[in-house]
Amino acid sequence: MSETKCRVAVLASGTGSNFRAITEACRSPEYPARVVCLVTDNPQAGALEIARAQGVSAHTVEVRETRGRLPYEAESEMARICASNHADLIALAGFMRILKGPLLERFENRIMNIHPALLPSFPGLHSARQALDYGVKITGCTVHFVNRSIDAGPIILQSVVTVLDDDDEESLLARMHVEEHKSYVEAVRLFAEGRLMVQGRRVKVLQHPAREAR
Ligand code: GRF
């Protein structure tokens with residue numbers, strides 16, 4: 001009765017708490033996805049330790065420049081790793097690089113990202129700080145498909161986090177992470193169940209899994 005699960009490659013540069021949340025969800029037999037590999041640009045990424053602990057195969061593609069755009073060769077290598085692991089979906093989880101080339105071409109409409117703000121507000125880096133500086137009362141996280149524009153692909157899910165009067169960046173981010181983990185696990189589930197339909201900028205969530213709808 002076991003069906004083929006959606007194969008997810010996770011790309012992460014840092015701590016990897018979203019990567020952990022997804023791999024932990026995947027342990028449940030009824031969760032429709034499984035993580036097939038972790039790819040990182042950072043040999044010091046905490047995500048590598050999580051991969052070891054969780055038994056996920058990990059690949060480091062070192063990049064000389066510290067942040068920003070991924071050089072073409074490095075992006076090609078990452079695309080090759082994801083393809084050789086037969087990934088159906090790529091989940092960017094704190095991946096601090098801008099995709100422009102081979103990954104987007106090879107995995108069009110099959111790359112997700114999570115961003116710690118209610119897009120289109122506060123794109124880019126330090127979104128929690130931007131939200132605090134602006135003085136908004138609510139912020140949140142956004143899971144979206146990745147396209148060629150930064151933090152601007154079609155939105156899959158958003159979840160609200162209330163800003164408290166005594167919040168600083170650290171306390172706000174701590175509550176943000178709780179919502180991020182839930183949202184990312186849910187977005188991957190919806191994709192795996194074939195329930196996301198992209199129509200231009202809008203992503204519709206189908207009520208029933210595509211498989212069962214037939
Ligand atoms: C998250 O806040 C995510 O929204 C952003 O980078 C952070 C990654 O955190 N894109 P972690 O490495 O998953 O803990």
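**View 1. Cys-26 in the predicted model.** Cys-26 is buried in this predicted model, with a relative accessible area of 12%. Cys-26 belongs to the buried residues of helix 1. The structure holds 0 disulfides. For Cys-26, the nearest cysteine sulfur is that of Cys-6, 8.7 Å away, and Cys-26 is in no disulfide.

**View 2. Cys-37 and Cys-82.** The closest cysteine sulfur to that of Cys-37 lies in Cys-82, at 5.0 Å. A disulfide requires two cysteine sulfur atoms within 2.5 Å, so the distance of 5.0 Å is too far for a bond. Cys-37 is buried, and its relative accessible area is 0%.

**View 3. Helix 1 and its packing partners.** The strands that the buried residues of helix 1 pack against are strand 1 (6-11), strand 2 (33-40), strand 5 (89-92) and strand 7 (111-115). These buried residues also pack against helix 2 (46-54) and helix 6 (169-192).

**View 4. The chain around these sites.** The protein chain has 7 helices and 11 strands. Its C-alpha trace spans about 50 × 45 × 35 Å along the principal axes. The radius of gyration is 17 Å, which agrees with the value near 17 Å for a compact globule of 214 residues. Buried residues make up 48% of the 214 residues. Of the contacts with a separation of 6 or more, 62% join residues 24 or more positions apart. Carbon and sulfur atoms account for 50% of the accessible surface of about 11200 Å².

Note on methods:
Residues numbered from 1 in each chain as written. Predicted model: local features only at pLDDT ≥ 70, side-chain atom pairs only at ≥ 80, totals over all residues. Heavy atoms only, no water. Buried < 20%, exposed > 50% of the residue type's maximum accessible area, 1.4 Å probe, protein only. Helix = DSSP H or I, 4+ residues; strand = E, 2+ residues; numbered from the N terminus. Contact = heavy atoms within 4.5 Å. Rg over C-alpha atoms; globule rule 2.2 N^0.38 Å. Areas by Shrake-Rupley, 256 points an atom, 1.4 Å probe, with all protein chains shown as cover.
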